[in-house]
Amino acid sequence: MRYRLCLPLAAGLACLPAYAVQYLSVEQVQKLAYPDATAYRAQDVALSLAQMQQVEKLAGLPARSVNWHVIGAYNGDKLLGYLVLDDVIGKFELISYAVALNPDASIRQVEILTYRESHGGEIRLPAWRRQFTGKSASTGGLTLGGGIAGISGATLSASHLTDGVRRIAAIAQIVLRQ
């Protein structure tokens with residue numbers, strides 16, 4: 001009897017729209033970022049305590065994680081760059097994204113894999129994501145309002161994604177740079 005009152009509530013919750021949209025798979029972003037690659041080699045990067053401290057100093061943000069999933073893109077034996085996969089929180093939900101890096105640790109491109117928020121999807125616009133191209137942790141310009149323009153209506157998503165990209169750029173500078 002007492003569960004009958006919960007039935008309308010459960011039915012109402014089931015009708016709420018879900019906003020998760022997967023735009024790209026990992027395989028698709030690999031081919032998009034490195035079309036000349038003949039091989040992709042996954043490697044897990046574990047940061048030492050000293051490296052985490054260097055990342056925090058360079059990025060101005062906590063390193064957040066010791067372990068990072070990195071995919072090297074190769075054409076034969078030649079390294080074309082690295083793809084780093086990560087998630088950041090938007091307003092309430094996770095945003096899955098990938099940062100393609102050149103061997104010198106500069107950013108090649110940023111792609112959104114999955115966006116789960118109901119608002120703020122403008123971070124997926126190519127013009128906004130192109131702002132990251134060519135920048136690195138050592139050259140700067142990877143802060144919202146300090147090289148990266150904000151987006152009205154996507155303030156938290158833009159801010160958190162920019163912080164995530166800056167963190168990955170610092171990791172690339174310290175650990176992955178050739």
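Modeller: The crossing of α3 and α5 is right-handed, a crossing being right-handed if the near helix is turned clockwise from the far one by less than a right angle, and left-handed if anticlockwise. This is a predicted model, in which local features need pLDDT of at least 70 and side-chain atom pairs count only at pLDDT 80 or more, while totals for chains, interfaces and linings use all residues. Residues are numbered from 1 along each chain as its sequence is written, and side-chain values use heavy atoms, with hydrogens and water left out.

Two packed helices are described by the angle between their axes and the distance between the axes. Here helix α3, residues 49–59, packs with helix α5, residues 155–176, at an angle of about 130°, and their axes are 9 Å apart. The axes are lines fitted to C-alpha atoms over the stretch in contact, with angles running from 0 to 180 degrees between N-to-C directions, and the helices themselves are DSSP runs (H or I, at least four residues; strands are E, at least two), numbered from the N terminus. The two helices are therefore oblique to each other, given that angles under 35 degrees count as roughly parallel, over 145 as roughly antiparallel, 65 to 115 as roughly perpendicular and the rest as oblique.

On the α3 side, Gln51, Gln54, Val55, Leu58 and Ala59 take part, and they meet Arg166, Arg167, Ala170, Ile171, Gln173, Ile174 and Val175 of α5, where contact means heavy atoms within 4.5 Å. The residues of this contact divide into 7 nonpolar, 3 polar and 2 charged; Ala, Val, Leu, Ile, Met, Phe, Trp, Tyr, Cys and Pro count as nonpolar, Asp, Glu, Lys and Arg as charged, and the others, Gly among them, as polar.

As for the chain around this pair, its secondary structure comes to 5 helices and 8 strands, which follow the pattern α-β-α-β-α-β-β-β-β-α-β-β-α along the sequence. Of its 178 residues, 43% count as buried, meaning under 20% relative accessible area, with exposed over 50% and partly exposed in between (1.4 Å probe, protein chains only). One of the buried residues is Leu83, with a relative accessible area of 2%, whose place is in strand β4, residues 78–89. Not counting residues up to four places away in sequence, Leu83 touches several residues, including Val29, Tyr34, Ile71 and Val99.
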